[in-house]
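My notes follow the order in which I looked.

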Amino acid sequence: PGQAEMYAGLQELGVANGEDLKETLTNCTEPLKAIEQFQTENGVLLPSLQYALPFLDLHGTPRLEFHQSVFDELREKLLERVSAIALEGKVEERYKKLEDLLEKSFSLVKMPSIQPVVMCVMKHLPKVPEKKLKLVMADKDLYKACAVEVKRQIWQDNQALFGDEVSPLLKQYILEKENILFSNDISFLQNFFSPSPKTRRQGEVVQKLTQMIGKNVKLYDMVLQFLRTLFLRTRNVHYCTLRAELLMSLHDLEISEICTVDPCHKFTWCLDACIREKFVDNKRARELQGFLDGVKKGQEQVLGDLSMILCDPFAINTLALSTIRHLQDLVGQDTLPRESPDLLLLLRMLSLGQGAWDMIDSQVFKEPKMEAELITRFLPLLMSFVVDDHTFTVDQKLPSEEKGPIPYPSTIPEAFTKFLQENRIACEIGLYYILHITKQRNKNAFLRLLPALVETFSDLAFSDIFLHLLTGNLTLLSDEFALEEFCTSLFDGFFLTACSRKENVHRHVLRLLLHLHHKVAPAKLESLQKALEPTKQSGEAVKELYNQLSEKLELRKPSPAEVTETPSMELPLPTVPTPASR
């Protein structure tokens, strides 16, 4: 720090500084006497010290070192005292003391050695005087140095400044989510939805935002407003995840000041427990239904917030998995979907979640109408697929007479394809059913339904979350990749139909091949390598993945030494096995 900063504010308090000493020495006839006088006037005024200081001089301890250590010790004591004052006596009295102290010390706020004390006083004041806050805000260095408790007081009346602080964190959050979805580690055991809600809330961004908000309802509302605006602008559902994670992070810390005023708190808490179990059980289903039915007239706006909580991919995942489980149970019970209140509630919540963007955009707060055909036609269709699988399995076990084995049904009902194209909820459930059969290694059912995915509602089958889960589950069918028919259906019939128009699909196919290239027949692999070559328009990520794949394939090619025949020799040699190609 420059000289001026080192002594900033001392003159206002009538304390001599370096400049005064310089002036004294410039205008005096006996400099040594002047220095001695300056030391006497401005040194530590303790009579016993007069004898101790020469003793320190004998030991070669510079006066600066002595004064610095005394100063540091006093500053520590003062900081402790300020923190103690903030906790003792009546509220008004303690804050009065701190305000007086701030008034006396604020002029030294730019002096590096005193600054921590001034900052500590401000940190303990629930309401720093407006004038002081403005001075801090106007000075970049002071603003940077002050505690988050002081910054909160500045932010709550300066939305733009708060937005500047929050914005990089939100960008980082979205980037982290996308990095997980595009991770090169593909596995059906570990995927995007594996971490528990509690683990996710420990993430850096959620923790930083939680700390920035503290107990300040106004700041919490601002963050929610940012998230709503960004969700509307981008349609990116990860903002909905952050909305729920932030509320639950404050819940973990028992910040009742905020939790009690957020009307979604209890609903989110209950849903959080379901997400943890990846299933909505009957007891919690009743609770969630109670919240939805309890939305009073005139308070419908809360549906906008509830829909955003339900639009969180982790919530959709839980609701969709629970729906598939319910459908399987209904097959066993010979019950139709319309007769299951639990299933109808899951559909109601899926519908509310999937309608979040439209509701917030239109500001029309009412639950979306459920299409009857979804319940009377589409879900029974899915159940018929489950029955087809059971029938086929049983048929395989029966002793075959003259008639050959019964083939697996290969056609898809037209209605199924139509539902996937036109109905968002049907499409979501249909995609989860396909993930389910892939996880069961049910190749027949997978190949039967795959053609229906080429055209889906809003291209949902080419969304990152679905492709992330599908590529993970496909590792369970890795042995099928050696078969021409399987690869043609999967790559030519599905993936490659969208690769050229959707860069994310290109990335997911390359991720899958990086993981399973050794399982694919060489001829097929060669044609895929040609088909997946990046174009001039391709982004860096695609080029990088393609290069990684090309390097791996290069390593797999047998070396020329292995291919050329060894010239015959006169002497018979024992045959040596050639090294297996990697």
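I count a salt bridge where a side-chain nitrogen of Lys or Arg lies within 4 Å of a carboxyl oxygen of Asp or Glu. By that rule I find 24 salt bridges in the structure.

This is a predicted model, in which local features need pLDDT of at least 70 and side-chain atom pairs count only at pLDDT 80 or more, while totals for chains, interfaces and linings use all residues. Residues are numbered from 1 along each chain as its sequence is written, and side-chain values use heavy atoms, with hydrogens and water left out.

I looked up D157 and K218, whose side chains meet in a salt bridge at 3.2 Å, N to O. D157 lies in the loop between α10 (148-155) and α11 (159-181) and K218 in helix α14, so the pair ties together parts 61 residues apart in sequence. (Helices are DSSP runs of H or I, at least four residues, numbered from the N terminus.)

Next I took E245 and K177, which form a salt bridge at 3.9 Å, N to O; E245 sits in helix α15 and K177 in helix α11, 68 residues apart. Both E245 and K177 are buried, that is, under 20% relative accessible area with a 1.4 Å probe and protein chains only.

I also noted that R228, R243, D262 and D305 are linked in a network of salt bridges.

Finally, I checked helix α14 (residues 217-234) against helix α15 (residues 238-252), which pack at about 165 degrees with their axes 9 Å apart; the axes are lines fitted to C-alpha atoms over the stretch in contact, and angles run from 0 to 180 degrees between N-to-C directions. I therefore record α14 and α15 as roughly antiparallel, a term for angles over 145 degrees.

Definitions and conventions:
Helix = DSSP H or I, 4+ residues; strand = E, 2+ residues; numbered from the N terminus. Parallel < 35°, antiparallel > 145°, perpendicular 65-115°, else oblique. Buried < 20%, exposed > 50% of the residue type's maximum accessible area, 1.4 Å probe, protein only.
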